[in-house]
Amino acid sequence: MVDLDKLNPPQREAASHGTGPILVLAGAGSGKTRVITFRIAHLLAQGYPPTSICAMTFTNKAAEEMRERIAHLLQDKVTARKLTIGTFHALGLQILKSERKALGMPRGFVIYDQSDQMGALREALRAIKDMSRDGERKFDVKAILARISLAKNAFIAPNAYTGNPADEYDAITVHAYPKYQEMLRTCAAFDFDDLICEPVRLFERDPEVARRWAERFRFVMVDEFQDTNNAQLRMVRH
């Protein structure tokens with residue numbers, strides 16, 4: 001059993017909460033992450049399988065620290081390793097790997113880092129230069145990637161992006177975004193934003209896949225929930 005007496009009364013109430021949603025509101029340094037750690041350990045001690053529990057964090061370091069604390073509370077490293085604890089992007093990658101066929105991607109698909117993304121976007125710009133009034137003009141690739149990232153996280157499809165026509169970078173992004181996304185698919189690649197946005201899109205167009213993942217994780221906990229963006233929130237809701 002997990003000794004919940006190590007927590008103060010409000011923490012203990014949250015950690016021992018059964019099924020159903022719960023929101024913990026507290027200031028910085030008040031032990032919110034500690035509550036999640038004890039709650040997971042308590043659920044495991046109650047007999048819930050580790051495969052039914054998912055905890056999401058914002059950094060890999062936070063995820064590993066949480067796993068280590070749970071292992072210490074349970075005195076059981078094997079069970080702690082079976083838990084799904086990681087960043088939103090790590091969970092997204094897990095979903096993409098499991099559902100690659102539904103996404104039409106091969107087994108060996110790749111994840112582009114920023115350098116890869118910049119290379120793909122430069123290729124896209126070269127491919128569309130004759131479509132723009134700027135010809136050979138050099139654009140700030142990072143500025144265009146930032147616009148594409150914002151569009152993806154707002155779930156704006158490549159062909160639906162309009163931006164501000166008076167903004168020269170928005171205007172070139174209208175052409176660059178679809179071509180960039182086309183190049184990713186040609187190379188069987190996802191970028192960092194796709195790790196969250198593509199699973200959400202898949203869940204929304206395929207209710208059976210969404211149901212399967214919802215049933216897989218009976219308990220989903222989010223550390224620092226107040227920092228989630230729109231895309232991350234939509235992932236949690238599914």
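How many bridges join strand 1 (residues 53-57) to strand 2? There are 4, and the two strands run parallel. Keep in mind that this is a predicted model.

- For a residue-level handle on the pairing, look at C54: its bridge partner in strand 2 is T84.
- As a bit of background, strands of a sheet pair through backbone hydrogen bonds, and they can do that either parallel or antiparallel.

**Two domains**

- The protein splits into domain 1, made of 9-98 + 195-237, and domain 2, made of 110-187.
- Taken over C-alpha atoms, the centres of domain 1 and domain 2 are 34 Å apart.
- Where the domains touch, domain 1 puts in 10 residues and domain 2 puts in 7 residues.

**Where the domains meet**

- About 660 Å² of area is buried between domain 1 and domain 2, and carbon and sulfur atoms give 62% of that.
- On the polar side, the count between the domains is 2 residue pairs in polar contact, both at pLDDT 80 or more.
- The count of salt bridges between domain 1 and domain 2 is 1.
- Which elements give two or more residues to the side of domain 1 that touches domain 2? They are helix 10 (194-205) and helix 12 (230-237).
- Helix 10 gives the most to that side of domain 1, with 5 residues.

**Salt bridges**

- Searching the whole structure turns up 13 salt bridges.
- One pairs R147 with D170, and their closest N and O atoms are 2.7 Å apart.
- That pair ties together distant parts of the chain: R147 is in helix 8 (residues 141-153) and D170 is in helix 9 (residues 168-186), 23 residues apart.
- E198 and R185 form a salt bridge too, with 3.4 Å between the closest N and O atoms.

Key:
Residues numbered from 1 in each chain as written. Predicted model: local features only at pLDDT ≥ 70, side-chain atom pairs only at ≥ 80, totals over all residues. Heavy atoms only, no water. Pairing = 2+ DSSP bridges. Domains from an automatic or database assignment. Contact = heavy atoms within 4.5 Å. Buried area = accessible area lost by both parts, 1.4 Å probe. Salt bridge = Lys/Arg side-chain N within 4 Å of Asp/Glu carboxyl O. Polar contact = N/O pair within 3.5 Å; in protein donor to acceptor, adjacent residues only side chain to side chain.
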